[in-house]
Amino acid sequence: MSYILKQKRFCYALVLFSGILVLFFTGLKTTHSENSDKKTNSTKVDFVAKIQPLIEKHCLSCHGNEEPESDFSLTSSQNLLKGGLSGKVIVPGKANESDLYKMIAHQHDDEIVMPPEDIGDPLSENEIALFKKWIDEGANWPKKITLGEKTRKEKTNLSHWSFQPIKNPPLPKTKLTRHVKNEIDYFILHRLKIENFKPSPEADKRTLIRRVTLDLIGLPPTPDEVEEFLQDKSANAYEKLVDRLLESPHYGERWARPWLDLCHYGDSDGYLTDALRPNAWRFRDWVVIALNANMPFDQFTIEQLAGDLLTGSTSSQTMATGFLRQTLNNREGGADVEEFRVAKVIDRTKIVGTSWLGLSLECCRCHNHKYDPISQKEFYQFYSFFNNDYEFNVDAPSPEQKKKFEESFNTYVKEREKILSPVKEEVAALQEKWEKKMLYTSEHPEEDYKWTRAWELLGLTWGIKTGEGQDEGLEIIHRDPTQRTLRQKIDLTNYFLKSGDAIDDKKFQELGLSTILDKINKLKEKHISQVRAPAIGKTKNPKKAYVHLRGIHTSPGIEVNSNTPEFLPSLKSTGKPDRLEFAQWLVSPENPLTSRVVVNRIWQEFFGQGLVISSDDFGTQGDTPSHPELLDWLANRYIKNGWNTKAIHKLIVTSATYRQSSTIQPDINKIDPSNRFLSRQSPLRLSAESVRDIALSASGLLSKKMKGPSVRPQQPESVVKEGFGTHTWKLSEGEDRYRRGLYTFILRTSPFAQSVIFDSPSPGNICTKRERSNTPLQALTLLNDPVFFEAAEALANRIMKQHPNDLQKQIHYAYQLCFSRNPTDEEFKNISALYSQQLTLAANEMEVVKKVESKLTEKEAGSKEKDTKETTKKKKTNDEKPNEKKLIKVQTVKLQTKEEKATTVICSVLLNLHEFITRQ
């Protein structure tokens, strides 16, 4: 027993001793740790050993020398202290005041986290503490240490082909001289030789005249024009044809459409309310006129981007800036005025970048371009060119309208003064007080929500339904009254009379200002308003431009000035460059992009695809040109020839390359199915507008009327009801129902249905190349749409009048109108058989209709007799009201003859054929 107790005591003692040892060594370790910490805290952080590895591991992938994100480079002490787009990010000695520390420690006010979760792993707590200590100690970084390897100018993508100067390559040699019509053919034949291909033979004359007529004026040739060309045996017969088409007034109508696609032209604002723009068509007409006049493309560019800034600018040149007015306007209640103003400036930046430079700039709004040498800062320098503009409508009467307009406007001003004269001083005092309150609110929007709302409405609803510049009201109220034009003074006072009662509602009522406004509005209705055109002007209240951090305009970074991308030739300017200098830079001979981009789009229209397929992207992620020397030769020729667009068009369509047959060669098609080497011409489905135009042209319904307000051709009103709001589709009357598709009213939220079916682009997006699809819905539209059925009826009537009682001649004439050729024997046989079948069906149908009509007539007569007896009975008894029952009236429509019905069917079939809506 004692032995056991002794053993237990020994164990207890051993345990106790062990505990003492643990406590001793724990205390020793704690003491050592404390001493170690004291030693660490007393030693400065070694940059090379501790900080440099962290920067290289977590930061350099985004903030190295190769276009660092947010323009913030972490490669040297100098770059660290310089900061980035958001300004300085480090305050040496004060980590808690340094954005760099806040970002890595997840303490930033805007919740910016570095590195981003989707890019790299976050720093550990110890690493964050180390960074904090390093900054608190002064962020020591030895000046001799530079991280990273390449500089931006050493980036390999700066050697990208489209960024290089345009060359003037010599013409390649070829033995196939019989296939050469002009310089273009040397380049094409040289490439075909390399690929061991042969060119296709020239298309027949009927195909050629239909092809080139559709390509140059967008309409089919008439049978007389075809016959004249066939009979012309002269060596320059084709060249004479091309010259005639280039001088046609319809040339401008055909080529205006792809240009309007670039700026997404429309006749309404877009967004939910989609208010109408009654004067938008003035810019469309300017484009048609400029193209018909063959305005040099450099001047065409300058007037559209900066016509208002030209010395002695005319109303036409100012009107040309309507190109920049095609952005969407958000007039919805509650919309942020500045947010959507910025959205319009960004849209203009993107449109210009795509249309002239062939570069997609949108991604640079939020960060540096991932593939092209364009930084986020450079995007906002580009943006800055358009940041100080405001929208307004310019008086633009034609020479014939000018005198009448001036007289009308002067009368309006005088009569308006008479209406206002009894209360003129009181109104002026109230308006001055209202303007001061509005301007104060613009600087202090948080103080009074009612006045903040009044300020928003000024920026949202100004010019609604009349198409005036949305932000013009904000521009006017910011101007000193002495700097306002007469029209601006009048318009602002009119707005005040309508919306300024918040300043003193009681005084408004005492002065009877609502009644005065009604009188002014009635007077204004007599004033000629349709002679105004949308334009852009330079504000007298300039705004500063900043980098928008993460693309958000409410998170401004560093201030930027207007400038062009560094990788392109520099813009020559004596001061702060403006839109005019920018436009001139775009079309300067040194700019390697503009001429290439434009001639490539021209080529695309004639061959279905450009020499560079990605016509909207000439950057490093775009396609390489199939014929780089030819592209440069054309670009150089375009510039040297004074940017003569018609000359380039003529050069292309007179080449042997363009004149080739479109017949597919089986052996070549397997190797080059997309026809990149141009061993043949390509059949092209016509554009949405042209499909309708040629149907109306063949039928004889097409109106050749040019210019003027947009029209509303036939379509169900339910189409526009699909959009929000109260828009209607009041059908145009007379010949306006049959005008070219170019003139069709474009309601952005509910575009013309037939155009949508045939691949017209969205009127809210830039389009450099239209899609070409082939769908059952298109075939059904050609058969059943009222417009095409009416065209079939008119075509039937046309051929029957031309050749009465002669089916053979009627069918031949229909083929000449639709396809510029005669039918083959097999086609004639099939159409004749269809005609006979439809003739029998029409006869049976008419017999049935006559029987039904006869029964309805008998029923109507019996109903009338019964009503007469009941009415007489009621009159005699005088105890009931006279019978008010309305009879169903059968409207007798003049029936077509069975021949007309059968002919309409065969015409409908012809208008539905693939060949009809295809340019061979």
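**Stop 1**

Select Lys-707, which counts as partly exposed because its relative accessibility is 36%. The cut-offs are these: buried means under 20% relative accessible area, exposed means over 50%, and partly exposed is in between, with a 1.4 Å probe and protein chains only. Lys-707 is in the loop between helix 30 and helix 31 (718-721). Its phi is near 65 degrees, a positive value in a residue other than glycine. Most residues other than glycine have a negative phi, and most peptide bonds are trans.

This is a predicted model: local features need a pLDDT of at least 70, side-chain atom pairs count only at pLDDT 80 or more, and totals for chains, interfaces and linings use all residues. Residues are numbered from 1 along each chain as its sequence is written, and side-chain values use heavy atoms, with hydrogens and water left out.

**Stop 2: the whole chain**

Zoom out. The chain has 37 helices and six strands. Both are DSSP runs numbered from the N terminus: helices are H or I with at least four residues, strands are E with at least two. Of the 920 residues, 49% are buried.

Now colour by pLDDT, the predictor's confidence in each residue, from 0 to 100. The average is 88, and 89% of the residues score at least 70. Select residues 1-41: pLDDT is below 50 there, and the stretch has two contacts beyond near neighbours in sequence. Contact means heavy atoms within 4.5 Å. Then select 875-894: pLDDT is again below 50, with 14 contacts beyond near neighbours in sequence. Where pLDDT is low, the predicted coordinates should not be read in detail.

How far apart in sequence are the residues that contacts join? Among contacts between residues at least 6 apart, 71% join residues at least 24 apart.

**Stop 3: the nonpolar cores**

Select Leu-216 and Trp-603. In the largest nonpolar core, of 124 residues, these two touch the most other members. A nonpolar core is a set of buried Ala, Val, Leu, Ile, Met, Phe, Trp, Tyr and Cys residues joined through side-chain atoms within 4.5 Å. Leaving aside neighbours within four places in sequence, Leu-216 has contacts that include Val-242, Leu-245, Trp-255, Phe-606 and Val-653. Apart from this core lies another, of 33 residues; select Val-423, Leu-458, Ile-476 and Phe-508, which are among them. In soluble globular proteins, nonpolar side chains tend to be buried together.

**Stop 4: a buried glutamine**

Go to Gln-681, in the loop between helix 29 (666-671) and strand 5 (684-685). Is Gln-681 buried or exposed? Gln-681 is buried, because its relative accessible area is 0%. Show its side chain, which reaches the backbone oxygen of Tyr-658 at 3.0 Å. Beyond its neighbours within four places in sequence, its contacts include Arg-211, Phe-607, Asn-675 and Arg-919.

**Stop 5**

Select helix 30, residues 688-699. Its twelve residues should span 16 Å at 1.5 Å a residue, and its end C-alpha atoms are 17 Å apart, which agrees. The expected span is 1.5 Å times one less than the number of residues. How many of its residues are buried? Twelve of twelve are, so the helix is mostly covered. Buried residues of helix 30 pack against helices including helix 8 (205-217), helix 11 (250-262) and helix 34 (786-802). Just after helix 30, Gly-700 takes a positive phi of about 90 degrees.

Next, select helix 37, residues 898-912. Its 15 residues should span 21 Å, and its end C-alpha atoms are 21 Å apart. Its buried residues include Ala-902, Ile-906, Leu-910 and Leu-911. An α-helix has 3.6 residues a turn, so residues three or four places apart point the same way.

**Stop 6: last selections**

- Met-114 and Pro-115: the peptide bond between them is cis, with omega near -10 degrees. Pro-115 lies in the loop between helix 5 (99-104) and helix 6 (125-136).
- Arg-550: phi is near 60 degrees, a positive value in a residue other than glycine. Arg-550 sits in the loop between strand 3 (545-548) and strand 4 (556-560).
- Glu-432: this residue is in helix 18 (residues 424-443). Its C-alpha atom is separated by 9.7 Å from that of Pro-481, 49 residues apart along the chain.

Notes
A polar contact is a pair of N or O atoms within 3.5 Å; within protein, one must be able to donate a hydrogen and the other to accept it, and residues adjacent in sequence count only if both atoms are side-chain atoms.
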